Amino acid sequence: MPALCFGALPVAAGVFTLIWTHSVEHVRWAEDWRVENDRLRLVAARITGSAAGMEPPPDARLIDGVWHHRPDLPPLPELLLTRSPFVPDYTLC
């Protein structure tokens, strides 16, 4: 399975979780990604609240205060991240 790199950090297992906090609403997001061939597939997402522009999709389920859903997106060739000085950096697990 190919490795995925964020800077110099390889993701050799082929799966990773990306976690961040929205810069305005301070709502925590978590996304589970899988490397498939040379593409990235978003397989699940969790949102710890809802706010302006951050509403969970209609098919999301609220479990213990966290919205869970499975986004229906095609595999992506890359994932571009932006950084805000107003929130903590991304966490990659």
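A residue counts as exposed when its relative accessible area is over 50%. By that cut-off Asp 64 is exposed, because its relative accessible area is 79%. Welcome to this predicted model, a protein chain with eight strands and zero helices. Here is a friendly tour, from the whole chain down to single residues.

**The chain as a whole**

- Read from the N terminus, the elements follow the pattern β-β-β-β-β-β-β-β.
- The protein chain has 93 residues, and 32% of them count as buried.
- Its accessible surface comes to about 6100 Å², with 56% of that belonging to carbon and sulfur atoms.
- If we take contacts between residues at least 6 apart in sequence, 42% of them join residues at least 24 apart.

**The sheet**

- Six strands make an open sheet in the order E6-E7-E5-E4-E3-E8, and the pairing is antiparallel.
- E6 and E8 are the edge strands, each pairing on one side only.
- Strands of a sheet pair through backbone hydrogen bonds, in either a parallel or an antiparallel sense.
- Seven bridges hold the antiparallel pairing of E3 and E4, with Val 15 opposite Arg 34 in E4.
- The antiparallel pairing of E3 with E8 runs over two bridges, and here Ile 19 stands opposite Thr 91 in E8.
- E3 is mostly covered, as five of its seven residues are buried.

**The hairpin of E3 and E4**

- E3 and E4 form a hairpin with six residues between them.
- In the turn, His 26 has a positive phi of about 55°.
- Glu 25 is found in the loop between E3 and strand E4 (28–36).
- Glu 25 counts as partly exposed because its relative accessibility of 30% falls between the cut-offs of 20% and 50%.
- The C-alpha atoms of Glu 25 and Gly 49 are 9.2 Å apart in space, while the two residues are 24 apart in sequence.

**A closer look at Thr 17**

- Thr 17 belongs to strand E3, which spans residues 15–21.
- Thr 17 is buried, because its relative accessible area of 18% is under the 20% cut-off.
- Across the strand pair, Thr 17 stands opposite Asp 32 in E4.
- The side chains of Thr 17 and Asp 32 are joined by a polar contact of 2.7 Å.
- Beyond neighbours within four places in sequence, Thr 17 is in contact with Ala 30, Glu 31, Asp 32, Arg 46, Thr 91, Leu 92 and Cys 93.

**The nonpolar core**

- In soluble globular proteins, nonpolar side chains tend to be buried together.
- The largest nonpolar core has 11 residues: Phe 16, Leu 18, Trp 20, Val 27, Trp 29, Trp 33, Val 35, Leu 40, Leu 42, Ile 47 and Leu 79.
- E3, E4 and strand E5 (39–47) are the elements that give two or more residues to this core.

**Aromatic pairs**

- A pair of aromatic rings is described by the distance of the centres and the angle of the planes.
- The chain has three aromatic pairs.
- One of them joins Trp 20 and Trp 29: the ring centres are 5.6 Å apart and the planes lie at 20°, so the pair is stacked.
- Trp 29 counts as buried because its relative accessibility is 17%.
- Another joins Trp 20 and Tyr 90, with ring centres 6.2 Å apart and planes at 50°, so this pair is tilted.
- The pair links distant parts of the chain, 70 residues apart: Trp 20 is in strand E3, and Tyr 90 is in the loop between strand E7 (66–69) and strand E8 (91–92).
- Tyr 90 counts as partly exposed, at 30% relative accessibility.
- Trp 20, Trp 29 and Tyr 90 form one aromatic cluster.

**Positive phi in two loops**

- Asn 37 is not a glycine, yet it has a positive phi of about 55°.
- Asn 37 lies in the loop between E4 and E5 and is exposed, with a relative accessible area of 66%.
- Asp 64 is also a residue other than glycine, and its phi is positive, near 50°.
- The loop between strand E6 (61–63) and E7 is the place of Asp 64.

Terms used. Residues numbered from 1 in each chain as written. Predicted model: local features only at pLDDT ≥ 70, side-chain atom pairs only at ≥ 80, totals over all residues. Heavy atoms only, no water. Helix = DSSP H or I, 4+ residues; strand = E, 2+ residues; numbered from the N terminus. Buried < 20%, exposed > 50% of the residue type's maximum accessible area, 1.4 Å probe, protein only. Polar contact = N/O pair within 3.5 Å; in protein donor to acceptor, adjacent residues only side chain to side chain. Contact = heavy atoms within 4.5 Å. Areas by Shrake-Rupley, 256 points an atom, 1.4 Å probe, with all protein chains shown as cover. Core = buried A, V, L, I, M, F, W, Y, C linked by side-chain atoms within 4.5 Å. Phe/Tyr/Trp six-rings, centres within 6.5 Å; stacked < 30°, edge-to-face > 60°. Pairing = 2+ DSSP bridges.
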